[in-house]
Amino acid sequence: MDEERKKIVEQTQKEEAEQQRLKMQEKDKQLEIMRKQIDDLKRKAEQGSMQIQGEVQEDDLKELLSTTFVMDEISDVATGAKGADLVQRVNARVGNHTGTIIWESKNTKAFSEGWISKLKSDQGLVKADIAILVSQSLPEDIQGFGLKNGVWVVSYAHIIPLVSAL
């Protein structure tokens, strides 16, 4: 009987240990899934934050242009619509339309050459006279502002001097 009891206890302990091992694996798997979900949520929050930062800069740019160039018409390009961020219809003091500037605003840490070709394409769509790319990061060969492949690239601090000269 003792021998049989010992076998039953050992079998029960083995079954219990196996159940515990499976439960631990299940918890580990749940933790792994939760970590992935947390990482995905963090990434999405950062993307949303970057998008919001970009929209804030765009709104600030529109406000800056509207208050500095009161005779001009500054309009948004609808979010998701093809084209630049803003269109500025430059008007003379007597109200005559003298030209069009399109604006693209970027608030990123690294400059992308692809922005130039996209803005050139957008310039053709609206038949703008001037295309200006405002960016927190500039190409290595530009400090403050400069012309790159037919597009003016400017830091935020140099917007008004550049546009006033143009």
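Arginine 89 is partly exposed at 33% relative accessibility, where partly exposed stands between buried, under 20% relative accessible area, and exposed, over 50% (1.4 Å probe, protein chains only). The side chain of arginine 89 meets that of glutamate 73 in a salt bridge of 3.7 Å, N to O, a salt bridge being a side-chain nitrogen of Lys or Arg within 4 Å of a carboxyl oxygen of Asp or Glu. Arginine 89 lies in strand S2 (residues 86-91) and glutamate 73 in strand S1, so the pair ties together parts that are 16 residues apart in sequence. Glutamate 73 is likewise described as partly exposed, with a relative accessible area of 44%.

This is a predicted model, in which local features need pLDDT of at least 70 and side-chain atom pairs count only at pLDDT 80 or more, whereas totals for chains, interfaces and linings use all residues. Residues are numbered from 1 along each chain as its sequence is written, and side-chain values use heavy atoms, with hydrogens and water left out.

**Salt bridges**

- The structure holds eleven salt bridges, and one network, joined by salt bridges that share partners, consists of Glu104, Lys106, Lys118 and Asp122.
- Lysine 62 forms a salt bridge with aspartate 76, with the closest N and O atoms 2.8 Å apart; because lysine 62 lies in helix H1 and aspartate 76 in strand S1 (residues 73-76), this pair ties together parts that are 14 residues apart in sequence.
- Lysine 62 is partly exposed at 24% relative accessibility, and aspartate 76 is partly exposed at 41%.
- Aspartate 2 and arginine 5 meet through their side chains in a salt bridge (3.5 Å, N to O), and both residues lie in helix H1, three residues apart, about one turn of the helix; helices (H or I, at least four residues) and strands (E, at least two) are DSSP runs, numbered from the N terminus.
- Aspartate 2 is exposed, with a relative accessible area of 58%.

**Glutamate 104**

- Glutamate 104 lies in strand S3 (residues 97-106) and is buried, with a relative accessible area of 5%.
- From glutamate 104 to lysine 36 there are 68 residues in sequence and 35 Å in space, C-alpha to C-alpha.

**Negative surface patch**

- Glu55, Asp59, Asp60 and Glu63 form a negative surface patch; patches are made of residues with over 30% relative accessible area and no salt bridge, like charges being joined within 9 Å and nonpolar side chains (Val, Leu, Ile, Met, Phe, Trp, Tyr) within 5 Å.
- Glutamate 63 has its place in helix H1 (residues 2-68) and is partly exposed, with a relative accessible area of 48%.

**Aromatic pairs**

- The structure holds two aromatic pairs, a pair being rings of Phe, Tyr and Trp (its six-membered ring) whose centres lie within 6.5 Å, with planes under 30 degrees apart counted as stacked, over 60 as edge-to-face and the rest as tilted.
- Phenylalanine 111 and tryptophan 115 form an edge-to-face pair, 5.2 Å centre to centre with 75° between the planes, and both residues are buried.
- Phenylalanine 145 and tryptophan 152 form a tilted pair, 6.3 Å centre to centre with 55° between the planes; phenylalanine 145 is partly exposed at 37% relative accessibility, and tryptophan 152 is partly exposed at 21%.

**Positive phi in loops**

- Lysine 127, although not a glycine, has a positive phi of about 55°; this lysine is found in the loop between helix H2 (114-126) and strand S4 (130-135) and is exposed at 68% relative accessible area.
- Asparagine 149, which is not a glycine, has a positive phi of about 55°, is placed in the loop between strand S5 (145-148) and strand S6 (151-154), and counts as exposed at 61% relative accessibility.

Terms used:
Accessible areas come from the Shrake-Rupley method with a 1.4 Å probe; for residues, only the protein chains shown count as cover. Lys and Arg count as positive and Asp and Glu as negative; His and the chain ends are not counted. The place of a charge is taken as NZ of Lys, CZ of Arg, CG of Asp or CD of Glu.
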